[in-house]
Structures are given as C-alpha cells and as structure tokens.
Amino acid sequence: MDTTDARQIIEGHIASKKTHKHYDKVVALAKKYKAFITNVADSEGNYPLNEYLRQFVRREDADLFEQRKNLTKHYTPSICSQIMKPFNKVVRSNRVIKMIDHADAGKVETITDTLSNFYGESESDGVTQFMNERFKTLTFTDPNAWILVSFKPFDSKKEKPQTFPHEYNSEAVIDFEIKNGQTHWVIIKEIYSYADKEDNIKTADRYLFFDKINAYEYKAIPKDIKESFIKEETTIWTEEKSKQKYAVYIYEHLSERVPLMRVGYVSDISTKGLTYVNPFHYEAMPLLEQFIKVSSELQLSITLHTFPKQVSYVQPCEQKGCNDGLLSDGKTECSVCEGTGKKLHTTAADVLEIPFPNKMYKENMVDVSNISAYVPFPGNVMEFLDKYADKLEKKIMRMVFNSESLVQTQFNTATEAEIDIDSVYDTLHPFGEKYSEMWMFFVKITVLYLSIEGATIWHKFPSDLKLKAMKQLLEELKSANDSNAPSYVRESINNDIMEIIYADDQTELSKIKIKNKHFPFPGKSDFEIQNIILNNLTTKFKQVLYANFDNIFDEIENDDNKFFEWTYAKQKERIKVEVKNIISEIDKVVDNVPVLDLKTA
C-alpha cells in the first residue's frame with residue numbers, strides 16, 4: 001500500500017471517529033470475560049459480575065435486589081480457573097517439536113540470544129515465556145486482542161534490533177482489514193500523557209496505522225502543551241472539522257506483512273468469523289450466567305433462612321400519643337415503634353415475660369406455645385438449590401471438554417477412558433495449533449528484523465498430549481505385557497510413564513531417554529531378554545552391554561560429564577569402546593582360569 005492510500009484511510013478514521021462494525025461487540029465480550037474470570041472490584045468496591053445479575057421484579061424491589069448483590073459472593077472465577085487448567089497441559093508439554101536451525105551456527109546463536117530477551121527473564125526463550133504467561137490468559141479474557149512485534153531503537157552499525165511484544169486490547173484496535181485470511185492493515189487508538197502550561201498531567205489521542213511495509217503515527221498536538229515535541233521537519237496534518245492538529249511520523253518496518261496477530265482462534269459464528277470468542281464461549285457462558293443466578297439465590301436463601309421465621313401475635317404500640325405508628329400531627333413517626341404501630345421483639349435477646357396468674361385463676365393459664373410459633377424454611381428447597389448449583393458446575397466442565405474425565409475418576413472400561421481422553425484432546429488441539437502459529441510468527445518476525453536469511457523455524461505439538469494418569473498407563477502396560485503386544489508398543493507406554501515420573505526433572509528425563517536409545521533390547525521384558533541370551537540369539541556385545549548397562553554409563557559420565565550433550569553417533573562410539581574393554585577383561589579372566597582334569601581328580 002502506498003503512503004497516499006494509507007494516509008487517506010487513517011485520516012478518514014480520525015475525522016469520522018469510525019470503528020469496525022463489530023467493535024462494540026468485541027469490547028463488551030472482553031469486559032464480560034474478565035468479569036467472569038477475575039471479578040476484580042473497582043476502586044469503589046463494586047464487583048463487575050453483579051452487573052450480570054438480574055432483578056426478579058415480581059418479588060424483588062430495587063432495595064432487595066441491591067441487598068442480594070451485596071450478599072452474593074461469586075465463585076465463577078474458581079470454575080473458570082478449573083476450565084483453564086487443562087490448557088496448561090499444552091503449554092507445559094515437553095514433547096513439543098521446536099526448531100530454530102541455520103547452516104551457520106553463529107546465526108542460530110544470534111537468534112536465540114535475541115529471543116532470550118524478547119520477554120521476561122528467560123535465559124533461553126522469552127517467546128515461550130510470553131506465550132505461557134500472557135497468550136493463554138488473553139485467549140480467555142480478550143481473544144480479539146492483537147500482539148505487535150516491535151523493536152527498540154538501535155544503532156544498525158554496532159548492534160542488532162531487540163524485538164519485544166506489545167499488547168493492544170480489543171478496545172484499542174478500532175479497525176482492521178482482512179482479506180482471504182490475510183491482514184492488510186490495522187488501526188490502533190491510544191492516549192499519551194503530557195504536561196500543560198500549569199504542570200497538570202493531561203492526555204491526548206495517538207493513532208497508529210500498520211500495513212505490510214510501514215507504520216504511521218498520528219499524535220495529537222494539544223494547544224495547552226507545556227513543551228512542544230514538534231520539530232522543523234515534522235509533518236503536520238490538521239483535521240478539517242475540529243481543527244485539531246496532528247504530528248505525523250512514518251516508520252519503515254519492511255516486514256512484507258502486518259507485524260500484528262490476533263490472539264483468538266475460535267471464530268465467532270455471529271460475525272461470520274470476522275472476530276473471535278474465547279475457548280469456552282459457546283459451551284460454558286450460558287451455563288455460567290445461569291450459575292451466578294442460582295448461586296446468588298442459594299446464598300440469599302442461606303443468609304435469610306438459616307434461622308426459622310417467627311410468627312407471633314403482636315400488641316399495639318403503647319407509647320403515649322402513638323396512633324398506628326404516627327403521632328398526633330399525623331406526620332411524625334413514633335420513635336418507639338418506628339412507625340409500625342406494633343410492639344415488636346426484634347432480636348433473640350428479647351424476652352417476652354408473662355406473669356404467673358393468681359392461684360384462683362391457675363386453671364386459666366395460657367399455653368405459651370400458642371402465643372408465637374416458628375415456621376422453618378423447607379429443607380428440600382435449600383437441598384435442591386445446592387444440588388442444582390453443583391450439577392451446573394459439573395455440567396460446565398463436561399460441555400467444554402465433552403468429557404467425563406475431569407469430573408469423575410473411574411470408567412467402566414479402558415476403551416471408555418481412552419475415548420474420553422480423546423474428547424479432551426479435541427478441545428485442546430486447536431489451542432495448541434494457535435500456540436504454534438503465534439510462536440512461529442514471533443520468531444519469524446524477529447529473524448526478519450535481524451536480517452537473517454535461510455533460517456528454518458518450526459513449532460508443533462503432538463496430536464497426543466499424554467494426558468493419561470499414571471494408574472491408567474500402568475494398566476495399559478500390564479495389558480500390553482499380558483497380550484504379548486509388540487515391543488515398540490510397550491516401549492512407548494514405558495516412555496509415557498517415565499515422563500510423568502520425571503516431569504519436574506527434565507535433565508534426568510533427558511538422560512534416561514538417551515540411555516534408552518542405546519539399550520540393546522528396547523521394549524523387551526526381562527523374561528524375553530533372558531531367553532534371547534540363553535539361546536545365543538544375540539551378539540556378545542549386546543550381552544555385555546545389557547549386563548553392565550548402568551555401570552558403563554556411570555563410568556563414561558565420570559570421565560566426561562558432557563557425554564549426554566554429544567551427538568548420538570559420538571555417544572555410540574564411546575559406548576563401544578567401554579564395552580570392548582569389558583569384553584577384553586572377561587577374556588583375560590577366562591584364559592587364566594585353570595582347567596580341571598577329571599581323569600586325575
């Protein structure tokens with residue numbers, strides 16, 4: 001896009017205050033998601049989820065509705081947290097295929113050094129740190145947010161650009177154009193702070209426009225600014241109607257693509273896929289809205305009806321001058337009965353004292369149980385509300401993952417459990433694909449800004465995320481052994497078990513995986529190995545390697561602690577040397593053993 005066309009688009013948006021046609025919808029969605037997921041109170045102590053409670057006008061006036069909002073303690077954030085936790089399985093997966101490669105090892109080092117400073121304090125990959133800490137959160141709270149890959153000012157003669165991510169929420173992105181799935185341009189509206197002539201801090205508008213080649217900045221010039229940032233060479237544009245002046249800056253990024261990408265991946269059906277919703281929008285949001293209603297009514301019932309209601313005869317107020325709650329002027333309320341006209345007992349500390357009658361009237365004594373009575377709240381109603389809320393919570397998890405495994409721990413058959421796990425994969429797999437797409441986008445833009453050509457960038461999660469529990473894997477291994485399943489099947493199950501055991505010790509897990517590569521009888525049981533050796537169905541080399549396996553690796557690691565960082569071929573050669581040494585020692589021992597002559601014995 002040439003400069004003239006780009007400026008016409010952005011200047012037209014500034015003049016008309018135009019936004020994309022789904023702007024209000026995506027902003028409202030982000031507000032709603034954040035309310036249900038976080039429910040953080042504002043500065044005045046108001047909780048955003050209360051806005052989604054509805055007043056039942058037939059039995060609840062404004063004051064009672066306000067009382068219900070004050071009594072309600074929302075815990076949809078806890079449910080949303082449970083929904084989001086399984087997505088950590090994707091983020092934390094150590095089976096991801098991640099590659100940054102180049103024929104020149106020095107250029108690979110330059111890329112990795114730049115990525116380590118991309119975000120946070122990661123020593124290896126700041127992109128992954130950003131994806132784990134921010135991408136997942138934004139996927140749920142604001143799927144229509146955009147992430148820009150930018151870079152800090154640098155001296156091109158001495159250093160390389162350092163890229164970093166910048167988030168623009170759905171409210172900031174006022175318009176964009178996408179054709180055939182490709183972003184052509186994006187317009188962002190922000191504010192910046194400045195000091196006026198009296199040193200008051202104020203704000204003014206700032207617009208950004210990104211296309212595939214350039215970035216344009218339109219910065220409003222306030223009339224009362226204390227120190228102007230305008231220079232002689234600065235281009236000035238004046239909006240015709242408001243006469244507001246803007247400083248115009250043009251930057252070349254030369255990415256040949258818009259350096260921004262949206263976070264979301266679940267298309268909004270109502271906008272024909274032009275915008276996104278969060279991963280549990282269609283499955284859980286209607287139920288979450290129902291849940292806050294039921295939860296609110298349950299908490300109100302517990303608060304107001306924990307103690308039984310009292311039904312009692314009441315006496316009229318005996319205060320002098322009180323006439324049905326009002327004094328003689330007909331306007332002023334009685335201070336004793338507070339305008340009710342009745343003599344009431346308002347607390348449990350009140351005691352209604354009835355004097356004993358005279359002996360001659362003893363037969364006319366009144367049964368005190370007939371003076372007042374208590375109406376207990378129906379227990380089955382409270383029980384129904386409690387069970388209904390619990391049922392809704394479990395139903396939400398089922399709907400999101402189409403699965404029972406997250407709300408129950410036992411299944412009738414192994415096949416049933418396997419199918420259930422596959423349903424969870426169906427929910428998590430699109431998230432993993434978007435994760436990989438955005439990771440590669442960040443890295444490729446970074447490589448482009450570093451002016452490195454010929455680099456290979458790849459990121460891919462496996463279709464099987466290994467969500468099975470240890471118990472389930474052990475049962476599978478037992479079943480595989482009992483049915484004489486192929487050795488590679490048993491080896492695969494053993495690897496999955498190993499990844500669970502050493503999930504928090506990746507260094508040890510890496511060593512074990514390397515050792516398994518060199519194991520002479522992979523996937524074989526001890527019985528099968530003994531049978532192979534006894535029947536001379538393998539070489540002496542493999543027999544010795546098997547018999548001394550752990551000792552060989554201990555000796556090699558003691559000699560060189562960098563062994564596990566070597567290439568596979570180099571490791572194999574080093575193991576051969578150690579095995580041959582052991583074979584040589586065995587042969588010496590065998591040669592020196594005296595032969596027993598049975599004839600002379």
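Let's begin at L254, in the loop between β9 (245–252) and β10 (260–262). Helices (H or I, at least four residues) and strands (E, at least two) are DSSP runs, numbered from the N terminus. L254 has a phi near 55°, a positive value in a residue other than glycine. L254 is partly exposed, at 48% relative accessible area. On that scale, buried means under 20%, exposed over 50%, and partly exposed in between (1.4 Å probe, protein chains only).

A word on the source. This is a predicted model, where local features need pLDDT of at least 70, side-chain atom pairs count only at pLDDT 80 or more, and totals for chains, interfaces and linings use all residues. Residues are numbered from 1 along each chain as its sequence is written, and side-chain values use heavy atoms, with hydrogens and water left out.

Next, S451. Its loop runs between α10 (414–449) and β17 (456–460). Phi of S451 is near 60°, again positive in a residue other than glycine. Is S451 buried or exposed? S451 is exposed, with a relative accessible area of 60%.

Now the whole chain. There are 17 helices and 17 strands. Of the 601 residues, 38% count as buried. Take the contacts (heavy atoms within 4.5 Å). Among those between residues at least 6 apart in sequence, 63% join residues at least 24 apart.

On to helix α2, residues 23–37. It has 15 residues and reaches 21 Å from first C-alpha to last, close to the 21 Å expected at 1.5 Å a residue. That expected span is 1.5 Å times one less than the number of residues. The buried residues of α2 include Y23, V26, L29 and K32. Just after α2, N39 takes a positive phi of about 50°.

Step back to H20, in the loop between α1 (3–16) and α2. H20 is buried, with a relative accessible area of 10%. What does H20 contact, leaving aside its neighbours within four places in sequence? The answer is V26, V173, I174, D175 and F176.

Last, the largest cavity. On a 1 Å grid over the protein atoms alone, a cavity is a set of points where a 1.4 Å probe fits but cannot get out, and lining residues have an atom within 4 Å of a point. The largest cavity has a volume of about 40 Å³, a volume being the space filled by probe spheres set on the points. H20 and V26 are among the lining residues, together with W146 and R262. Thanks, that's my tour.

Terms used: 1 Å grid on protein atoms, 1.4 Å probe; cavity = no way out; pocket = protein on both sides within 12 Å on 5 of 7 lines; lining within 4 Å.
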